[in-house]
Amino acid sequence: MGCKKSGSERASKHFDTQAEAIQWAKGVAQNQKSELYVHGKDGKIREKNSYGNDPHPPKG
């Protein structure tokens, strides 16, 4: 299991489990005030979180 930055060909870091990869990536996204996309094995987005300036914040 690996994590990679958007536009990157190779993984930045390798993990034993997806949960470990997600936890590490959330910390990176929070520090860089960026977005996090979690993809399933089928390539579809399973989860998306924004930790920066969200161009479409929720109303209310």
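This is a predicted model: local features need pLDDT of at least 70, side-chain atom pairs count only at pLDDT 80 or more; totals for chains, interfaces and linings use all residues.
Visitor: Which residue forms a salt bridge with E47?

Guide: The partner is K26, and the closest N and O atoms of the two are 3.7 Å apart. K26 counts as partly exposed, at 29% relative accessibility, and the structure holds one salt bridge.

Visitor: How should I read an aromatic pair, and which residues form one here?

Guide: Two values describe a pair of aromatic rings, namely the distance of the centres and the angle of the planes. A search of the whole structure finds one such pair. This is the tilted pair of F15 and W24, with 5.6 Å centre to centre and 45° between the planes. F15 counts as buried at 13% relative accessibility, while W24, with a relative accessible area of 32%, is partly exposed.

Visitor: Which residues make up the largest nonpolar core?

Guide: In soluble globular proteins, nonpolar side chains tend to be buried together. Here the largest nonpolar core has five residues: I22, A25, A29, L36 and V38. At least two residues come from each of α1 (18–32) and β3 (35–39), and α1 gives the most, with three. Leaving aside residues up to four places away in sequence, V38 touches Q18, I22, K44, I45, R46 and E47.

Technical notes:
Residues are numbered from 1 along each chain as its sequence is written. Side-chain values use heavy atoms; hydrogens and water are left out. Rings of Phe, Tyr and Trp (its six-membered ring) pair if their centres lie within 6.5 Å; planes under 30 degrees apart count as stacked, over 60 as edge-to-face and the rest as tilted. Buried means under 20% relative accessible area, exposed over 50%, partly exposed in between (1.4 Å probe, protein chains only). A nonpolar core is a set of buried Ala, Val, Leu, Ile, Met, Phe, Trp, Tyr and Cys residues joined through side-chain atoms within 4.5 Å. Helices (H or I, at least four residues) and strands (E, at least two) are DSSP runs, numbered from the N terminus. Contact means heavy atoms within 4.5 Å. A salt bridge is a side-chain nitrogen of Lys or Arg within 4 Å of a carboxyl oxygen of Asp or Glu.
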